[in-house]
Amino acid sequence: MNRIAALRNVVLLRYLAASALALGVDLGSFLALLALGVPGAPAAAAGYSLGIVAHWLLSSRAVFQQGVAARGPQRTRQKAMFVGSALFGLALTTAIVGTGDTLGTDPRIAKLIAIAASFTATWLLREKVIFRPQDTASGNAA
């Protein structure tokens, strides 16, 4: 049982690293767009979208490789589910930053709150649902 817990922690650490790199893409884009005069919510949405692409590449190759489906319909479904989780995180991020902006909160502060909320939601979806290893004999989740 300790070995399974240790493996989960390693996956979580890899996910944290992948998330940090994707967050760099997200925040860099967000801050650049703010500097160009783009309002907070659209800047957050665009930055998050670029971060999604980086996150898929990192997640599927370095974090959840044991749960990545083989090429074909199952892999396509998995990609669609990943995009769905990202869109959920995007909606959450945009809503939090937009609400903060409407309330007069600095969009950078609202973005920090959105980062925590989105990270938690997408980690749970990806770890428990999207990249859950499949039993290759039956096609069922292991």
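Is F64 buried or exposed? F64 is buried, because its relative accessible area is 2%, and buried here means under 20% relative accessible area, with exposed over 50% and partly exposed in between, using a 1.4 Å probe and protein chains only.

Hello everyone, and a quick word on the model before I go on. What you see is a predicted model, where local features need pLDDT of at least 70 and side-chain atom pairs count only at pLDDT 80 or more, while totals for chains, interfaces and linings use all residues. Residues are numbered from 1 along each chain as its sequence is written, and side-chain values use heavy atoms, with hydrogens and water left out.

Back to F64, then, and its ring partner. The structure holds eight aromatic pairs; rings of Phe, Tyr and Trp (its six-membered ring) pair if their centres lie within 6.5 Å, and planes under 30 degrees apart count as stacked, over 60 as edge-to-face and the rest as tilted. F64 and F131 are a stacked pair, because their centres are 4.7 Å apart and their planes are at 10 degrees. This pair links distant parts of the chain, with F64 in the loop between α2 and α3 and F131 in the segment after α4, 67 residues apart. Helices, by the way, are DSSP runs of H or I with at least four residues, strands are runs of E with at least two, and both are numbered from the N terminus.

F131 is buried too, at 1% relative accessibility. F131 also pairs with F82, edge-to-face this time, at 6.1 Å centre to centre and 65 degrees between the planes. F82 is in helix α3, 49 residues from F131.

Now, which residues form the one aromatic cluster? They are Y15, W56, F64, F82, F119, W123 and F131.

Let me pick out Y15, which is found in helix α1, residues 2-35. Y15 is buried, with a relative accessible area of 0%. Beyond its neighbours within four places in sequence, Y15 has contacts that include H55, F64, F119, W123 and R126; contact means heavy atoms within 4.5 Å. Its side chain also makes a polar contact of 3.3 Å with that of T122. A polar contact is a pair of N or O atoms within 3.5 Å; within protein, one must be able to donate a hydrogen and the other to accept it, and residues adjacent in sequence count only if both atoms are side-chain atoms.

Next, the charges. How many salt bridges does a search of the whole structure find? The search finds three, a salt bridge being a side-chain nitrogen of Lys or Arg within 4 Å of a carboxyl oxygen of Asp or Glu. In one of them, K111 meets D26, with the closest N and O atoms 2.9 Å apart. K111 lies in helix α4 and D26 in helix α1, so this pair ties together parts that are 85 residues apart in sequence. Both K111 and D26 are buried. The charged end of K111 also sits over the ring of F30, 5.4 Å from its centre.

D106 and R108 form another salt bridge, at 2.9 Å from N to O. Here D106 is partly exposed at 30% relative accessibility, and R108 is partly exposed at 47%.

Terms used. Lys NZ or Arg CZ within 6 Å of the ring centre and 35° of its normal.
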